[in-house]
Amino acid sequence: MSDVFLSYASEDRERAAQLAHALGQQGWSVWWDRKIIAGQAFDQAIERELEAARAVVVLWSADSIASEWVKNEAAVAAERGVLVPALIDNVKLPLEFRRKQTADLVGWQGDEAQAGFQGLCQGVAHAMGAQVPKAQRASAPTPRHVGWVALSLGGLACVLLGLYAVEAWRATPEVPVSAVTSPIDSTTANASRSPVSKAPGLADLVVGTYSGDVIADSKGPSRSDIEVTITRLDRATVRVTSELSRIGVVDVVLNRNGNQIFAADGNSPFIVDLARSPPTLVFDPRGELAYRGTRMP
């Protein structure tokens, strides 16, 4: 049994191979029709793997939306509750699949840090029961575990600071009382110093207005030219609002991994890719719709 079954049109074979490799790099086993052994019945092999896979990634393109094979495989995956769709061309999805959240891989060139690929990985993990890819478990904690790691590091830092303070106290020579600066002198001295510059918080890196599309909605049609505004609540928290009432108002606590700023919890998937110019936003408020946009100047 494979972790991921990859469904695609034969015309998209090269892009499917690229994605199969990238998913394999995440630690998942990937099955696609190139793995059919000589002598096996083609349709039987596909049906067996399709029914056994823990997640089914369907690549929607100009060719696959017209493929009965791909649409049938997507229907089986949707019935099993393991469908993870991805756009590789800007096309209108078949009617029965338009309400599914869809990862945006249009123009993707194999960058594993790209927001669309990260969104696809989240979808695959969710289909498997929110299991984290082996590669991510080996390299970094997931957002849900960051709090515990921070707590552990914080405790260690306190211990080290405490030891440092004790050693500093032991090494500090006695100072005559007359040499101690009075509170007034201390205030005056501090007032004369230049203020210390503060590095921007995570919120400062993502604030702005984004323009894009709702490419899928569980309760309605897709929409174009939708603006989403991100405002700062504090250094690590933002508020997301939109002219579209379906998006509503969502507060997001932020975390960071490289050039990506993402939500610290999974209630409303949120990724801003700072590696793009201008930055791109992937936002799925409450898991009900899929928005993709680009920050406006």
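Colleague: What makes up the secondary structure of the protein chain?

Modeller: Eight helices and 13 strands, where helices (H or I, at least four residues) and strands (E, at least two) are DSSP runs numbered from the N terminus. Mind you, this is a predicted model, with local features needing pLDDT of at least 70, side-chain atom pairs counting only at pLDDT 80 or more, and totals for chains, interfaces and linings using all residues. Residues are numbered from 1 along each chain as its sequence is written, and side-chain values use heavy atoms, leaving out hydrogens and water.

Colleague: Why is Val57 called buried?

Modeller: Buried means under 20% relative accessible area, exposed over 50%, partly exposed in between (1.4 Å probe, protein chains only). Val57 has 0% relative accessibility, so Val57 counts as buried. Val57 sits in strand S3, residues 55–60.

Colleague: What does Val57 touch, not counting residues up to four places away in sequence?

Modeller: Contact means heavy atoms within 4.5 Å, and the list for Val57 includes Phe5, Leu19, Val84 and Leu120.

Colleague: How do you know that the span of helix H3 agrees with what 1.5 Å a residue should give?

Modeller: The expected span is 1.5 Å times one less than the number of residues. For the 13 residues of H3 (68–80) that should be 18 Å, and the end C-alpha atoms are 18 Å apart, so the two agree.

Colleague: Which residues of H3 are buried, then?

Modeller: Val70, Glu73, Ala74 and Ala77. Seen down the H3 axis, these buried residues fall within an arc of 100 degrees, so they line one face of the helix; the arc is taken from the directions from the helix axis to the C-beta atoms.
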